[in-house]
Amino acid sequence: MVVRELTGGIYFGKPRGFGTNEKGEDIGFNTEVYSTHEIDRIARVAFEIARKRRGQLCSVDKANVLEASMLWRKRVMAIASEYPDVELSHMYVDNAAMQLVRYPKQFDTIVTNNIFGDILSDEASMITGSIGMLPSASLGESGPGLFEPIHGSAPDIAGQNVKCVSSDRQDKANPLATILSAAMLLKYGLGEANAANRIENAVLDTLNRGFRTGDIYSTGNKLVGCKEMGEEVLKSVDSPVPTAI
């Protein structure tokens, strides 16, 4: 689980813009800035999520060179005192990117800033084989969250029940991220863990039975389109708890 701060950091920091340096060259500049309350807010969200999982939280930063990351680490460590049941660790972002590829199972919950989370969450999605496999949520301090596939909407392939294996976008008609977004809503938005588990188990069972859309297909599996994959998940809703593969 990657918990990404979504409204601060270098994407929104000021000053930003274009200018000219002392040599008369054009320059572009942005500012990575975080305040205490922004860091504390996302840290508490991450600790609460970690509590619902395996109780392990890794904070990813670049505190060896960036002042904004130095403050980030300081505040995450301070908030950790409120969650003695959660094991906190720290990792520099370059190492985290490498470790996600080398041994992803070492991670349970990751919390990080906006730009690092933007990159690491996409990297993590491909560990599963496709960006069409993972759910996401955008959460505010109050009110409903927005639960959707990590890739967002895909209006250019809407209504295409394709099942081809190719290099174009048509092989990406995978409904599993959307289905798992409903499970995430149930678990983290509504506190309905049992209902969420039924959906997650159904997806696992469908994959265990060998059904694949084009983006995750390999020889020996059963190639299906978006609609067929959804129908197979429905058949698996009340299946026994499967073994993940």
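A salt bridge is counted here when a side-chain nitrogen of Lys or Arg lies within 4 Å of a carboxyl oxygen of Asp or Glu.

## Basis

This is a predicted model, in which local features need pLDDT of at least 70 and side-chain atom pairs count only at pLDDT 80 or more, while totals for chains, interfaces and linings use all residues. Residues are numbered from 1 along each chain as its sequence is written, and side-chain values use heavy atoms, with hydrogens and water left out.

## Salt bridges

The rule finds 14 salt bridges. In one of them, lysine 187 and glutamate 200 meet through their side chains at 3.3 Å, N to O. Lysine 187 sits in helix α5 (residues 176-189) and glutamate 200 in helix α6 (residues 193-208), so the pair ties together parts that are 13 residues apart in sequence. Helices are DSSP runs of H or I with at least four residues, strands are runs of E with at least two, and both are numbered from the N terminus. Glutamate 200 is partly exposed, with a relative accessible area of 26%; buried means under 20%, exposed over 50%, and partly exposed in between (1.4 Å probe, protein chains only).

Arginine 41 pairs with glutamate 5, their closest N and O atoms being 3.8 Å apart. Arginine 41 belongs to helix α1 and glutamate 5 to the loop between β1 (2-4) and β2 (17-20), so parts that are 36 residues apart in sequence are tied together. Arginine 41 is partly exposed at 27%, whereas glutamate 5 is buried at 3%.

## A network

Asp205, Arg209, Glu232 and Lys235 are linked in a network of salt bridges. Within it, the side chains of arginine 209 and glutamate 232 meet at 3.0 Å, N to O. Arginine 209 is partly exposed at 29% relative accessibility; glutamate 232 is buried at 10%.

## Domain interface

The domain assignment, which is automatic or taken from a database, gives domain 1 (1-128) and domain 2 (130-244). Twelve residues of domain 1 are in contact with ten of domain 2 (heavy atoms within 4.5 Å). The two domains bury about 920 Å² between them, 67% of it on carbon and sulfur atoms; this is the accessible area (1.4 Å probe) that two parts lose on being put together, summed over both. In domain 1, Lys52, Ser125 and Thr128 lose the most area to domain 2, together 41% of what that side buries.

Zero salt bridges are found across this interface.
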